[in-house]
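Q: I have a model open and want to go through a few local features. Can we take them one at a time?

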Amino acid sequence: MDQITQFLASIHPYDTLGRDELARVAGSFSRRDWQAGDTIYRHGEPLDGIYLIESGSVAITDAHGAQVSVLGRSNSFGERGLLRDGRAATTARMTESGALLLLPVDELNRLIRKSRSFARFFGRGRGGDSAPVNTNIATLKVADFLNGAPRSCAPDTSIAEAARMMRDAHISSLGITSDDGLVGLVTVRDMSNRVVAEGFDTSRPVREIMTSDPITLAPDALGSDVLNIMLERRIGHLPVVDGGAFAGMVTQTDLMRIQAVSSPVLMRDIGGAGSVDQLVAATARIPELLVQLVASGQRHEVITRLITDVADAVTRRLLSMAEERLGPPPGPYLWAACGSQGRQEQTGISDQDNCLILGDDVPADSPYFVDLARYVSHGLNACGYVYCPGDMMATNPRWRQPRAVWRRYFQGWIDQPSPEAQMLASVMFDLRGIGGDHALLEGLQTETLEMASKNSIFVAHMIGNSLKHRPPLGLIRGFATIRSGEHRNHIDMKLNGVVPITDLARVYSLQGRLTPVNTRARLQAAEAAKVISQSGAGDLIAAFDLIQTTRLENQAEMIREGRKASNFLSPADLPDFERSHLRDAFVVVRTMQSAVGHGKGALG
């Protein structure tokens, strides 16, 4: 029981439960060990509850047998069908032996009814067919906007202390309360305009700069009330009062958080597009989506997954449009993506890295697939996914080959690990099928992992390749920034921030013959498989989270300022606190690189 409770406490949304409630929920779970190859449930079968992975990994396939995802520790599954009609919407199969926890459907429904966190978590279109979610801000109740406990202070609190409270809680306003009743409101703008700009004494009480008797709303007011008041009064914060007590604050950021779930609308527009121009119009909204997702406080892996889902949808629509134009394909094929799209880690900047795996009976020079590759690649470029500088695209005959040729490619790279082979292998280990016959890749990946992991020379070369990109650390707790050119005094958050972790995760997955492609999922799988230690995995995942989050926040800020998003960040623009933590994250990465370089993995 204690072990399950501790495990749940580290997973959202269970981490929002109080101690007693968490213990009750932990007691509702049943635990069972499964072996690799076991089928947990099949498409259409009735479900007893949702599953939570304690260890091992699970492959999820759709009704046609196409692999949807590979899940690892802390991932849940089964809720899609359970919350729809009680029957499995997919098939789930163990790919690595481990333990699964099962939460009965009655208990899940109770939690969804009782907890806003559970209602939000399990109601946000996980996989596209879970319980419907109201995304119309105007008709939502104000109670749905509230996020977390109300933050307040007393009127005689010093201005400096109130400012520290907002900083530490990462919020932009405080309610000023007396005997639980709201008497005023102070915002970051008040601190700027009334304190800093006027040189006001910060030791004075906050009541001297607060907005007294602010406009308030009740929890059952509608979103339209919020919008109308904010627009009419030109304010960005509205306190919520319930029965005379301060219940929380609704801000413009909260509105953006609700709007962030409009990504299904973008997907709908892509699915219904009848021309490349219509796809271009849809993808032009991606920067706005990125800004909304960042502002909503979504985790980085959610943001990059949603952004990648858009690229996947565009690719599949282009494939359909190509087949409509060219006619039925002369044989089986799979359009696969590598790079950030393959790992489901796309941000506001993306080129295209893709290939075509053809059935062995299809000629490599088939005019049909030459035209299909050209149509899709040109369409992706028009939609903002620019041509790969290294020509790693299906338009290149080298990357448009039958499956048997691809197998020889991988065999050759493993047997003769030249620098080019290492580079190509690193890219191709991130392959993920997007459209077509997914079976063409699934067996190939498993076979390649098996071959590669047994070749110690190849693994050694892969480790060496993973050390080429170093974190931007300078001497005496500084950063090694770019010294000249357009990005002088900046650091490359992709090349020197994310890529080193991505490379390490790829090595770990190779050493453990782990099938996940996503970087964070690889690190979690490596921990579960004991390829890396629990502490090493925890530190590296935390570093990855911080670096990727900072990268996305920087891109969103650029977009808000009317600039084009890039991967370059000036450390000098960060507050001291954030700059220190970012450097600590880079130190973790370098430490893990050193461990791998000395043959210790992350176990030392």
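Q: Which residues are buried in H21?
A: This is a predicted model. In H21, the buried residues are Thr 519, Arg 520, Ala 521, Arg 522, Leu 523, Gln 524, Ala 525, Ala 526 and Glu 527. That is nine of the 10 residues, so H21 is largely enclosed by the rest of the structure.

Q: What do the buried residues of H21 pack against?
A: They pack against three helices: H13 (300-326), H20 (494-512) and H22 (534-560).

Q: What caps the N-terminal end of H21?
A: Asn 518 does, with a side-chain oxygen 3.1 Å from the backbone nitrogen of Arg 520. After H21 comes Lys 530, whose phi is positive, near 65°.

Q: Back to Arg 520. Buried or exposed?
A: Arg 520 counts as buried, because its relative accessibility is 14% and the cut-off for buried is under 20%.

Q: And what is Arg 520 in contact with, leaving aside its neighbours within four places in sequence?
A: Arg 520 is in contact with Glu 301, Glu 345 and Asp 545, and also with Arg 299, His 300, Ile 541 and Phe 544.

Q: Switching to H8. Which residues are buried there?
A: In H8, which spans residues 223-233, Gly 223, Val 226 and Met 230 are buried. Those residues cover an arc of only 55° around the axis, which puts them on the same side of H8.

Q: What about the other side of H8?
A: Glu 232 and Arg 233 are exposed there. Just after H8, Arg 234 takes a positive phi of about 55°.

Q: How far apart are Gly 223 and Leu 255?
A: In space they are 8.7 Å apart, C-alpha to C-alpha, and in sequence 32 residues apart. Leu 255 is found in helix H9, residues 252-259. With a relative accessible area of 9%, Leu 255 is buried.

Q: On to strands. How many residues of E8 are buried?
A: Six of the seven, so E8 (residues 98-104) is largely enclosed by the rest of the structure.

Q: How does E8 pair with E1, and in what sense?
A: Strand E1, residues 30-34, and E8 pair in the antiparallel sense over five bridges. Ser 30 stands opposite Leu 102 in E8.

Q: And how many bridges join E3 to E8?
A: Five bridges join strand E3 (residues 49-53) to E8, and these strands run antiparallel. Ile 50 has Leu 103 as its bridge partner in E8.

Q: Is Cys 355 buried or exposed?
A: Cys 355 counts as buried, at 0% relative accessibility.

Conventions
Residues numbered from 1 in each chain as written. Predicted model: local features only at pLDDT ≥ 70, side-chain atom pairs only at ≥ 80, totals over all residues. Heavy atoms only, no water. Buried < 20%, exposed > 50% of the residue type's maximum accessible area, 1.4 Å probe, protein only. Helix = DSSP H or I, 4+ residues; strand = E, 2+ residues; numbered from the N terminus. Pairing = 2+ DSSP bridges. Contact = heavy atoms within 4.5 Å. Arc of directions from axis to C-beta. Polar contact = N/O pair within 3.5 Å; in protein donor to acceptor, adjacent residues only side chain to side chain.
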